[in-house]
Amino acid sequence: MTMQSRSEQDDLALIDAIEAWAEKELRPVARQFDLADEYPHEIVEQMKQLGLFGATIGEQYGGLGLSAWTYAQIVTKVASVWMAPSGIFNSHLIMASAIERYGTEEQKQKYLPRMATGEFRGSIGLTEPNAGSDLQAIRTVAKKQGDEYVINGSKTWITNSLHGHGTLLLVKTDPKADPRYKGMSLFIAEKTEGFIVGNKLKKLGYRSIDSCELSFQDYRVPVANLVGGQEGQGFFQIAGGLELGRINVAARGVGIGEGALKMALRYAQERSTFGKPLWNHQAVQLKLADMATQVEGARQLVKLASLKHDAGERCDLEAAMAKLAGSEAGAFCAQEAMRIFGGFSYSVEYEIERYYRDCMLMCIGEGSNEILRTIIAKQLIERHKI
Ligand SMILES: Cc1cc2nc3c(=O)[nH]c(=O)nc-3n(C[C@H](O)[C@H](O)[C@H](O)COP(=O)(O)OP(=O)(O)OC[C@H]3O[C@@H](n4cnc5c(N)ncnc54)[C@H](O)[C@@H]3O)c2cc1C
């Protein structure tokens with residue numbers, strides 16, 4: 001779908017097309033790929049054709065230029081069927097968004113058109129073995145030598161790093177800087193000599209998609225790949241991308257919740273105990289009602305944060321609330337659906353166990369829910385100072 005300027009009808013048609021694709025192409029293979037922990041190459045090719053790798057990249061660079069709200073709805077549709085594939089284009093698009101927002105024109109021209117088609121697929125390389133929530137504690141260091149930087153250090157949990165082509169790499173260009181964030185920079189790191197991809201980590205859920213350890217050993221990257229061309233901006237640039245990142249994770253949580261609820265609604269009508277369908281028991285009704293209410297409440301918060309983001313307004317409070325509510329709705333619904341499925345929930349013949357294994361990541365990634373609660377509280381005080 002290429003277009004000059006998108007209309008609401010275009011967006012609705014795209015959301016419908018993605019929903020139909022997810023039902024037709026993802027649902028039948030999700031369990032098999034997940035249990036085998038196998039990368040879905042064919043699905044990636046289909047996602048390229050659908051334009052998903054360019055979903056939020058500007059039309060001038062060959063992307064679809066979708067709003068955050070349209071994108072969030074697409075992510076929800078995909079995650080309601082199988083969450084993992086949404087990660088293949090999601091962290092890629094966070095990298096693209098950092099380049100589009102903060103990169104030099106040369107960087108945008110060089111990377112964005114190839115990223116929009118999925119020819120170059122990216123990842124975000126932030127977390128290190130000693131630093132996740134406290135990103136300012138990272139130890140990977142870049143030292144300038146002529147027209148290159150030489151990078152040494154290691155990263156972990158970097159999703160898309162085995163099958164992708166490069167990463168948005170957060171490093172220290174001045175490890176002694178005080179405050180620490182002033183010494184941090186971002187690089188567009190392509191896979192060349194010294195960029196070493198370790199083993200694919202074995203995970204509870206979010207399988208099929210590759211999350212790996214990376215090590216950088218005298219890895220040389222051209223000065224031209226320093227995002228924005230100026231040292232010391234990395235922490236600010238990453239923080240800028242986090243609002244959209246949190247909306248995306250929130251949308252994935254809503255998707256998991258929606259998918260788990262749908263399965264529970266079906267099973268509660270199919271299965272009978274004590275002479276009546278499960279849903280006729282009040283205890284099961286309470287679960288279904290609470291699940292639906294959490295999903296719809298979280299969806300409204302995703303919408304609120306997305307619309308603010310699309311209007312160019314500050315939305316750190318709303319994005320944090322959406323991420324908290326969306327991920328908790330996903331976790332709540334997956335767990336309640338497990339209870340409704342009873343013993344069968346433990347069988348890998350049923351898909352609900354995958355939702356249960358996938359859901360907790362939404363509570364941990366893109367700012368853990370504990371960290372997010374502290375952000376929400378600080379924002380509330382700032383906005384309601386006495
Ligand atoms: C499957 C998977 C995929 C991932 N993909 C990527 C990726 O693509 N790129 C990437 O860079 N990273 C990725 N990550 C890493 C992820 O972002 C981090 O795991 C996350 O940020 C948490 O960091 P941590 O694991 O170091 O936990 P820690 O920071 O050590 O936190 C441990 C616990 O302490 C709590 N805590 C820490 N500090 C505070 C505080 N100040 N106040 C209250 N509570 C606190 C946390 O909430 C958490 O419960 C991935 C992780 C997983 C599991």
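1. Let me start with Phe236, which is found in helix 6 (helices are DSSP runs of H or I, at least four residues, numbered from the N terminus). Phe236 counts as partly exposed because it has 14 C-beta neighbours inside 10 Å; buried would need 20 or more other C-beta atoms within 10 Å, exposed 12 or fewer, and partly exposed lies in between, with C-beta atoms placed from the backbone.

2. A word on the source: this is a predicted model, where local features need pLDDT of at least 70, side-chain atom pairs count only at pLDDT 80 or more, and totals for chains, interfaces and linings use all residues. Residues are numbered from 1 along each chain as its sequence is written.

3. Helix 3 (residues 68–81) packs against helix 4 (residues 84–102) at an angle of about 145 degrees, and their axes are 7 Å apart (axes are lines fitted to C-alpha atoms over the stretch in contact, and angles run from 0 to 180 degrees between N-to-C directions). On the helix 3 side, Val75, Val78 and Ala79 meet Pro85, Ser86 and Asn90 of helix 4.

4. Now the domains, whose bounds come from an automatic or database domain assignment: domain 1 (8–120), domain 2 (123–232) and domain 3 (236–383). The centres of domain 1 and domain 3, taken over C-alpha atoms, are separated by 21 Å. Contact (C-beta atoms, placed from the backbone, within 7 Å) joins 22 residues of domain 1 to 24 residues of domain 3. Helix 3 gives the most to the domain 1 side of this contact, with 10 residues.

Notes
Helices (H or I, at least four residues) and strands (E, at least two) are DSSP runs, numbered from the N terminus. Two residues are in contact if their C-beta atoms, placed from the backbone, lie within 7 Å.
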